[in-house]
Amino acid sequence: MAAPLALIGKLGRRDEIVAACPAARALGIHVGMAATHARALVSDLDFRVAEPEADAALLDRLALFGIRRWSPVVAVSPPDGIWLDLTGAAHLHGGEARFCQRLHAFCRRAGFTARLAIAETPGAAHALARYGREDIVIIPHGGVLKALSPLPVAALRLEGGALAAARKFGFETIADLLPVARGPLARRLGLATIGRLDQALGGKAEPITPREDVVIPAVERRLLEPIGTAEAIAQVMHDLLKDLAEVLQRRGLGARSLRLCALRIDGGEQVVAIGTSRPTREVPHLLRLLKLRIERIDPGMGLEQFRLLAPHTEPLDAENLGAILAGESTVRDPARLVDVVAGRIGPGAVFRIAPVESYVPERAVRLISPIETTGSWPAWQRPVRLFTRPEPLRRVMALLPDQPPRRFEWRGRSYTVVAGDGPERIHGEWWRRNAEVWAVRDYYRVEDETGGRYWVFRRGDGVAGETGDLSWWMHGVFA
């Protein structure tokens, strides 16, 4: 079993404990204890010299990793934490709760113990992460005051003098500070305490200064006067895109996504983002996509600073202008149209169908990007409209084992079949699950007396009972 571990740091001329493992804390070792006292208390304590520079470098690497994986706004919270702004990014990770679970699992795999907190303000998240009792805390909107009240005063990030004064006047928790008038409280604990309290409760803005990733192309504009009109914002977008296009051209890159951050004069931040189907640095096309997001920007009393980043970039080679001018390149690129349509109705609503190697019809297709190559389709005859889930048929009349149905009811209406073709037998994919080891479907193409053509199937081969229950289903409609 490993010996209890403690880290020693020098404070003036005195060596103090700056960190201790759980086993050492269980033996009475705590942060701030003199190293000589700790040695006398626990003889086999493993002492090691603290390396704050190495700790800071590790936090910086984690922040840089977070920018590239979790959120574009990540900052170091010394000496042992990081801030992440999840505004507009939580849904990309499955929501706040799912993101916290994944982040906590990542820290555990990396060998770290972690406590995560999500709140409306950075101060509240800082307090709950360091002084809360749970490993994962998510405070709903409007619940900051209730969550912070039972925490100690030290959770407000106060200096040593303010903490000593708080103990002197009997302030133990944040709830003890709330009923006290601001004037007397400032005289007792200092103006810095009032500022920290307002930051934690949301009364005072505390913007996070993000760690910059030098790999991410970014440009910035600071305005002499605040702006708030759509025309002025569009002009700033155009100027930023021109600057960013030059940066991307020098690096031989094209943007796949852009993120525009606008800082208001009251400290608030407005963030909008766009994505493209293919890497590009064409200013008119990107400006058209960004203009679709202007209505989502709330300028408040005015916007004074803009920052445009390209978090996702890809290599972009030069085009053969000679072939284009000579008319040799006749293939029209649909990427621009796809970007505009996706910007209006959402990227999830624009897709195309691609084949998948599977015998089961509902598994034989998948959704892909509209500009992605689909590959070759099999020669099987399939209906124009294939239902996502087969629909049951009622009152079916058919001769077993291999004749198509003569009549059936579907969606409350009766159909009389005048012609049919089949069966096309499709076996279950036994390697997926045991229930499909003996499963059989017999598919038929049938036509009713009005000319409608349908794709129906029967579960089972009509002979062996383990192949299916002989129920009939509608799976598609032919043109």
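This is a predicted model: local features need pLDDT of at least 70, side-chain atom pairs count only at pLDDT 80 or more; totals for chains, interfaces and linings use all residues.

1. Helix H11 covers residues 230-251 and helix H12 covers residues 283-291; their axes come within 10 Å and cross at roughly 140°. Angles over 145 degrees would count as roughly antiparallel, so H11 and H12 are classed as oblique to each other. The crossing of H11 past H12 is right-handed.

2. Which residues touch the most other members of the largest nonpolar core? They are Ile233, Met237, Leu241, Leu258, Leu260, Phe306 and Leu308, in a core of 31 residues. At least two core residues come from each of these elements: strand E8 (218-227), H11, strand E9 (253-264), strand E10 (269-280), H12 and strand E11 (303-315). H11 gives the most, with 10 residues. As background, nonpolar side chains tend to be buried together in soluble globular proteins.

3. Ile233 deserves a click of its own. Leaving aside residues up to four places away in sequence, Ile233 touches Ile227, Gly228, Ile294, Ile297, Leu303 and Phe306. There is also a second, separate core, with 27 residues, including Ile139, Ala147, Leu151 and Ala186.

4. Ala186 takes us to another helix pair. Along with Arg182, Leu185 and Leu189, Ala186 is on the H9 side of a contact with Leu191, Thr193, Ile194, Leu197 and Asp198 in H10. The contact of H9 with H10 has six nonpolar, one polar and two charged residues. Helix H9 (residues 182-189) and helix H10 (residues 191-201) have axes 6 Å apart and pack at an angle of about 120°, which makes H9 oblique to H10.

5. Is Arg264 buried or exposed? Arg264 sits in strand E9, and its relative accessibility is 15%, so Arg264 counts as buried. Its contacts, not counting residues up to four places away in sequence, are Gln270, Asp298, Pro299, Gly300, Gly302, Leu303 and Glu304. Leu303 is also a contact of Ile233.

6. Gly300, one of the residues touched by Arg264, belongs to the loop between H12 and E11. With 47% relative accessibility, Gly300 counts as partly exposed. Gly300 and Gly268 are 32 residues apart in sequence, with a C-alpha to C-alpha separation of 8.7 Å in space.

7. Finally, please look at Cys100, in helix H4 (residues 96-109). Cys100 has 2% relative accessibility and therefore counts as buried. Beyond residues up to four places away in sequence, Cys100 touches Leu116, Ile118, Ile136 and Ile138. Ala90 is 10 residues from Cys100 in sequence and 9.8 Å from Cys100 in space, C-alpha to C-alpha.

How values were computed
Residues are numbered from 1 along each chain as its sequence is written. Side-chain values use heavy atoms; hydrogens and water are left out. Axes are lines fitted to C-alpha atoms, for helices over the stretch in contact, and angles run from 0 to 180 degrees between N-to-C directions. Helices (H or I, at least four residues) and strands (E, at least two) are DSSP runs, numbered from the N terminus. Angles under 35 degrees count as roughly parallel, over 145 as roughly antiparallel, 65 to 115 as roughly perpendicular and the rest as oblique. Contact means heavy atoms within 4.5 Å. Ala, Val, Leu, Ile, Met, Phe, Trp, Tyr, Cys and Pro count as nonpolar, Asp, Glu, Lys and Arg as charged, and the others, Gly among them, as polar. A crossing is left-handed if the near helix is turned anticlockwise from the far one by less than a right angle, and right-handed if clockwise. A nonpolar core is a set of buried Ala, Val, Leu, Ile, Met, Phe, Trp, Tyr and Cys residues joined through side-chain atoms within 4.5 Å. Buried means under 20% relative accessible area, exposed over 50%, partly exposed in between (1.4 Å probe, protein chains only).
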